[in-house]
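Reader: I'm new to this one and would like a close look at a single part of it. Could you start with the whole and then zoom in?

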Amino acid sequence: MLTRIRNAIRIERPFVDVPVSGFRKSVADVLKREGYIWDYAEVEGEPVKMLRIELKYGPNGEKIIQMIKRVSKPGRRVYAKCGDLKPVLNGMGISIVSTSKGVYSDREARQHKLGGEVLCEVC
């Protein structure tokens, strides 16, 4: 999902389609709450349903998502406690964290005093 978003932003597409899952919906919900995408919706696809993510650009076409990088990988899982969640670029970006209560941004996880697996960084 992250690679599809990264590639779509690179060629300035208005939206990107990814296969739908509950986990991907929750990541898209965090991106929407934090203002990195316009919206997302389920659409009918050929073999499976797809999640259409409407990407956000500035008034002059500048990219809102400058960088999206996966932190926790299958070969090396990265976990962080609430106190270890540091702001990305001094608060200019976010980390997406999978906690026991759901998927949150690092700001929301610190607010709820939750730690978990750091999925990716967005700025």
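What percentage of the 123 residues of the protein chain count as buried? And once that's clear, which residues of helix H2 are buried, and what covers them?

Author: Before we zoom in, a word on where this comes from. The model is predicted, so local features need pLDDT of at least 70 and side-chain atom pairs count only at pLDDT 80 or more, while totals for chains, interfaces and linings use all residues. Residues are numbered from 1 along each chain as its sequence is written, and side-chain values use heavy atoms, leaving out hydrogens and water.

Now your first question: 37% of the 123 residues in the protein chain count as buried. Buried means under 20% relative accessible area, exposed means over 50%, and partly exposed is in between, with a 1.4 Å probe and protein chains only. The protein chain has three helices and eight strands, which run α-β-α-β-β-β-β-β-β-α-β from the N terminus on. With a radius of gyration of 14 Å, close to the 14 Å that the globule rule gives for 123 residues, the protein chain is as compact as a globular protein of that length. (That radius is taken over C-alpha atoms, and the rule is 2.2 Å times the number of residues to the power 0.38. Helices, H or I with at least four residues, and strands, E with at least two, are DSSP runs numbered from the N terminus.) Picture the C-alpha atoms filling a box of roughly 40 × 35 × 25 Å along the principal axes. Take contacts, meaning heavy atoms within 4.5 Å: among those between residues at least 6 apart in sequence, 60% join residues at least 24 apart.

On to helix H2. H2 covers residues 22-33, twelve in number, and reaches 16 Å from its first C-alpha to its last, close to the 16 Å expected at 1.5 Å a residue. (The expected span is 1.5 Å times one less than the number of residues.) Val27, Ala28, Val30 and Leu31 are its buried residues. They sit on the same side of H2 because they cover an arc of only 155° around the axis, the arc being that of the directions from the helix axis to the C-beta atoms. What lies over them? The cover includes helix H1 (2-10), strands E2 (37-43), E3 (50-55), E6 (94-99) and E8 (116-122), plus E7. After H2 comes Gly35, with a positive phi near 85°.

Ser105 counts as buried because its relative accessibility is 0%. Apart from neighbours within four places in sequence, Ser105 is in contact with Val30, Glu34, Ile94 and Ser95.

Just after H1, Glu12 takes a positive phi of about 60°.

E8 is also the place of Cys120, which is buried with a relative accessible area of 2%. Not counting residues up to four places away in sequence, Cys120 touches Leu2, Lys69, Arg70, Val71, Ile94, Ser95 and Ile96. Glu12 and Cys120 are 108 residues apart along the chain, and their C-alpha atoms are separated by 21 Å.

How does this tie into the interior? A nonpolar core is a set of buried Ala, Val, Leu, Ile, Met, Phe, Trp, Tyr and Cys residues joined through side-chain atoms within 4.5 Å. The largest one has 24 residues, of which Ile5, Ile53, Leu55, Ile65, Ile96 and Val122 touch the most other members. H1, strand E1 (15-19), H2, E3, E6 and E8 each supply at least two residues of this core. There is a second, separate core of eight residues, with Ala80, Leu85, Leu114 and Val118 among them. Ala28 brings us back to H2, where it is one of the buried residues.
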